[in-house]
Amino acid sequence: MEQSPLDLALQRLDTAARHLNLDGDVLEKLRYPRETTKVRLMIRMDDGSRKSFMAWRCRYDDTRGPTKGGIRFHPDTNEAEVETLAFWMTFKCAVMNLPYGGGKGAVRVDPHTLSKAELERLSRAYMQAFSRIIGPDRDIPAPDVYTNAMIMGWIADEYSSIVGQATPAVVTGKPIALGGSLGRDDATARGGYYLVNHLASELRLPKQARIAIQGFGNAGSHIARLFAADGHRIVAVSDSHGAIARPSGLDLARVVAAKAETGSVVALAQADGVEQISPDELVDFDCDVLVPSALEDMIHAGNAHAVKAKVILELANGPITPEADEILNKKGVVVLPDILANAGGVTVSYFEWVQNKQCYSWPLEDIHARLASMIEKEGREIWNRALELKTSLRTAAYVHALARLAEAIEAHGTQQYFAS
Ligand code: NAD
């Protein structure tokens, strides 16, 4: 029988658990999502018809605080994906020692087929449907694939109307003018960038590294900009329409312009030595760092053997299947795992939430400095733990998070405590 994505994710929990002396309660608590709600949203379309869309919100575990996690709008999303993403958020928040549990939400829709007004109605309908689950001290959404700051603004506004008072802390990733935080826009990429720079000598990266980026959205486009500004070469990028490459380095300003004007990076193919390549060719493109920044399972048993990069920075959630992980480990590819590598996003979301609660905003330098110090600290501890346990960084990151989750779960009393 084929395993669900959550079953595959739980394998990583089991692997980590073998390195810790855990009370049985811990795995019993973390093996199942606490609450998953499914709703069919109905909205009025511009042509006067009514249309329905499946939507989910999962609060996986709230032992360490209110649940936190993005909302995804995607035509292929489903309940198992939402629960898996919420599981990963539980571990990501624990990796960074944020006072949060893990959650996630999604709507099965291709937002590109909606008008702007339909998108607003759908976003508001999401909050209407889940307003009893979501709340500033209960469950706090944020952007994810195909959702953005404006959508978060609509969602916060809808919640504020429902409860009858301005409640910006209910959602993060909002526009700055509506209580968003400086530095949230590029936080996911920036966290990964700080991590790579902090570990650069251990990762043995050349001064001018060649970087291939899969997915040119929020995470992918910002990491390209940050690396390019340091003199690294962006040799290949892709989006849902295809991939382009230029071994001597792409002109990033032109890639950004092509994406903005035509909706795809592929529009740049043929210009000035830029060649169009297949999505799989991007995965095995000759480079030093591969940055998956699109969707889950993009590096799998069928293409992992061909990876040439020495380092993979997982800005996407779950881009490498467990089978591919094993192949890459054997090849000696260092994978900076998603629950650490892309945790900059949720960390600055946490800063946004704290600022909203304080009714105060922090300068950008403070946000960058706090993010750098937190991700460098956790990254270093995970690096050292991997050396000590002789495991991959992924297993070390799970052990790191699980130790914190276990401490919190066990603080309510263990089986041994109650049985004695
Ligand atoms: P986004 O919607 O801004 O960008 C997604 C990009 O992926 C788009 O350019 C899209 O064209 C591309 N894409 C889609 N299918 C593709 C395919 N088959 N091949 C290549 N490219 C494809 O989304 P985002 O916010 O940048 O999120 C990307 C990943 O990062 C997701 O896994 C998300 O869960 C993860 N992530 C995002 C954040 C955040 O703060 N935005 C935080 C943590 C993790």
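Two strands are said to pair if DSSP finds at least two bridges between them. Helices (H or I, at least four residues) and strands (E, at least two) are themselves DSSP runs, numbered from the N terminus.

The structure is a predicted model, in which local features need pLDDT of at least 70 and side-chain atom pairs count only at pLDDT 80 or more, while totals for chains, interfaces and linings use all residues. Residues are numbered from 1 along each chain as its sequence is written, and side-chain values use heavy atoms, with hydrogens and water left out.

The strands β8 and β9 belong to an open sheet of seven strands, whose order is β10-β9-β8-β7-β11-β12-β13 and whose pairing is mixed. At the edges stand β10 (275-277) and β13 (334-336); each has a single partner strand, so one side of each is left without a neighbour in the sheet. From one strand to the next, the twist averages 20° (axes are lines fitted to C-alpha atoms, for helices over the stretch in contact, and angles run from 0 to 180 degrees between N-to-C directions).

Helix α8 (residues 218-229) comes next. Its 12 residues should span 16 Å at 1.5 Å a residue, and its end C-alpha atoms are 17 Å apart, which agrees; the expected span is 1.5 Å times one less than the number of residues. The buried residues of α8 are Ala219, Gly220, His222, Ile223, Ala224, Leu226 and Phe227, where buried means under 20% relative accessible area, exposed over 50%, and partly exposed in between (1.4 Å probe, protein chains only). The cover over these buried residues includes α6 (187-198), β7 (210-214), β8, α9 (252-262), β11 (289-292) and β12 (311-313). Just after α8, glycine 231 takes a positive phi of about 90°.

Several of these residues meet again in the nonpolar interior. A nonpolar core is a set of buried Ala, Val, Leu, Ile, Met, Phe, Trp, Tyr and Cys residues joined through side-chain atoms within 4.5 Å. The largest such core has 91 residues, and those with the most contacts inside it are Phe87, Phe91, Ile223, Val237, Ile244, Leu313 and Leu336. At least three residues of this core come from each of domain 1 (33-178) and domain 2 (187-341), with bounds that come from an automatic or database domain assignment. A second, separate core of 26 residues includes Leu41, Leu119, Met127 and Ile134. Leaving aside neighbours within four places in sequence, leucine 313 is in contact (heavy atoms within 4.5 Å) with Gly192, Val196, Ile223, Phe227, Val289, Leu290, Val291, Pro292, Leu336 and Ala341.

The two domains can also be viewed side by side. Their C-alpha centres lie 27 Å apart, and 12 residues of domain 1 are in contact with nine residues of domain 2.

Another antiparallel pair is formed by strand β1 (residues 35-44) and strand β2 (residues 50-61), joined by 10 bridges. Valine 39 stands opposite alanine 55 in β2. The two strands form a hairpin with five residues between them, and glycine 48 in the turn has a positive phi of about 95°.

Phi of tyrosine 146 is near 60°, a positive value in a residue other than glycine, and at 35% relative accessibility tyrosine 146 counts as partly exposed. The 15 residues of α5 should span 21 Å at 1.5 Å a residue, and its end C-alpha atoms are 21 Å apart, which agrees. Among the buried residues of α5 are Ile151, Met152, Trp154 and Tyr159, and what covers the buried residues includes β4 (71-74) and α4 (116-130).

Two further loops complete the account. Histidine 19, in the loop between α1 (5-17) and α2 (24-30), counts as partly exposed at 34% relative accessibility. Apart from neighbours within four places in sequence, histidine 19 is in contact with Leu389, Thr391, Thr395 and Val399. Lysine 390 has its place in the loop between α14 (364-389) and α15 (393-410); its phi is near 55°, a positive value in a residue other than glycine, and at 74% relative accessibility lysine 390 counts as exposed.
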